[in-house]
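Please open the structure in your viewer and keep the selection tool at hand.

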Amino acid sequence: MAVLALVGVGLWYWQKHKAVAEEGAWRTTPVERGDIRVAISATGTLSAISTVTVGSQISGQVTDVLVDYNDKVEKDQVIARIDPSSYEAQITQGAAQIANAEASLRQAQATLRNAELDFQRKSELVQQQLVAKSDVDLARAARDQAQAQVNAAQATIRSQTASTQTTRINLERTVIRSPVNGVVLTRSIEPGQTVAASLNTPELFKIAEDLSKMQIELAVDESDIGQLKVGQAVSFTADAFPDRQFKGTVEQVRLSATTTNNVVTYPVIVTVNNSDGTLLPGLTVNAEIEVSKRSNVLKVSNAALRYKPAEDDNAAPEAPRAAGGSGMVDDLSRTAAELGLNAQQQAEFDKAIAAVRERIAARTAPQAGNGGSTLFGRGGGPGGMRITMGGSGDAQGQMRQRMAERMNQQFAAFRATLNADQQKKWDAQISALIGAKRAPLFKLVNGKPQRIMVRVGVSDGTSTEISGDVRQGDQVVTGERAAQ
């Protein structure tokens, strides 16, 4: 039995070392094809899109409160009353003052008529030299004074009428009405309470106008705000409904930044359909805003992009690109496929891409031998992809400009067949491809890592979109195994 046990242990030890030897000295991960979704997380609070605060424009004692929390109200519905007795008394007093002013007016008008007749008589007599001119002057002054008394009485009537009208308006304001159709969120008064509207309007009720449509105000970090645009999809959850996920849309990205403990955030408004009435104002939500989604793209673990060999001398030399042009050519083909081309447009694209492939194939030998020209000129570029976007910003900008000019020349005929919307999408994709970031990746070739440059796209924090001299299933290095 002891001999069998020793044989078993030896066999296990041998198989283990054999497996380690077969795995090699490198930890690898495959290049995969799939989807990448990039989302930004933020928290916020639900609220009604329009919330109206109902106050009182007058002071007085509240006599009736006719609605309570959560009550539905209609526009112009009476929701509270303030004691009107003081205003009613003021109206009675104003009416008496108006009557007194009217009596004074009638008296002044009678005096005016008498003064006018006296002035007319003396004016006729002075021509016959029966009265002195001074008597005529006195009669004229008496007439003017009487006219002024009439004018004063009329002004008093207008003033008292206006004052009474103001009191009538305040009397109407003792009846508090709902300004909108909605739901009562808060009630801040009780019957018998006195409200004072001397400086600030006292808040009596808060009414949400329409809870079938709500909004979320999210606080988004400044590092993420540049990725947000109006119309992006939002999914969120609320602790009150842990088993449900709700949807919304970015409605507004506001510019009013807030700084708290040296952290800058921007408010982002998300509109939400709440037609079933499930969501409630004030709920705290955890939201995800989808800023990018790439479907059916090559992607690799972020660990592969972070890897750097301890000694680059152990890595296989970087190989020239294949004549097929898998990098930019594949990206261009995928971009064209997303445009929904018709037969004529597809034919023009096939013609342009065939010319690109021929140019790459014709220049592969010079490129491999002495670093000669590629599709975009000597030194490489998309199609040859022997470039590394290093160096100064000016050099990078000039290189990208030359790449863009050559791209425009190669696909000018194809672009001319596109409609305005297709041209806009094509130009955006070309700009993104030319301006894409590049990073080194180490592909395992014949047991050794070979350094290649790939274009880096969006990342979800775990995987990153890549394109270049890679294929689905290629093994890329993520680390080195410890010596056994």
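Helices (H or I, at least four residues) and strands (E, at least two) are DSSP runs, numbered from the N terminus. Two strands pair if DSSP finds at least two bridges between them. The model is predicted: local features need pLDDT of at least 70, side-chain atom pairs count only at pLDDT 80 or more, and totals for chains, interfaces and linings use all residues. Residues are numbered from 1 along each chain as its sequence is written, and side-chain values use heavy atoms, with hydrogens and water left out.

**First stop: an open sheet**

Select β3, β10, β8 and β5, which form an open sheet of four strands in that order, with antiparallel pairing. At the edges stand β3 (51–55) and β5, each with a single partner strand, so one side of each has no neighbour in the sheet. Now show β8 (residues 182–187) with β5 (residues 72–73); two bridges join these strands. K72 has V183 in β8 as its bridge partner. V183 also has a bridge partner in β10, namely A208. Four bridges connect β8 to β10 (residues 203–208), and V184 is found opposite I207 in β10.

**Second stop: another open sheet**

Select β7, β6, β4 and β9, four strands that form an open sheet in this order with antiparallel pairing. The edge strands here are β7 (175–177) and β9 (194–195), each pairing on one side only. Between β4 (residues 60–65) and β9 there are two bridges; look for G60 opposite V195.

**Third stop: salt bridges**

A salt bridge is a side-chain nitrogen of Lys or Arg within 4 Å of a carboxyl oxygen of Asp or Glu. How many salt bridges does the structure hold? The number is 11. Select R143 and E116, whose closest N and O atoms are 3.8 Å apart. R143 belongs to helix α3 (residues 133–172) and E116 to helix α2 (residues 85–127), so the pair ties together parts that are 27 residues apart in sequence.

Next, select E190 and R187, a salt bridge with its closest N and O atoms 2.5 Å apart. Buried means under 20% relative accessible area, exposed over 50%, and partly exposed in between (1.4 Å probe, protein chains only). R187 is buried at 18%, whereas E190 is partly exposed at 41%.

**Last stop: a loop residue**

Finally, select D474 in the loop between β21 (463–468) and β22 (475–480). Leaving aside residues up to four places away in sequence, D474 touches T29, P30, V31 and K443, where contact means heavy atoms within 4.5 Å.
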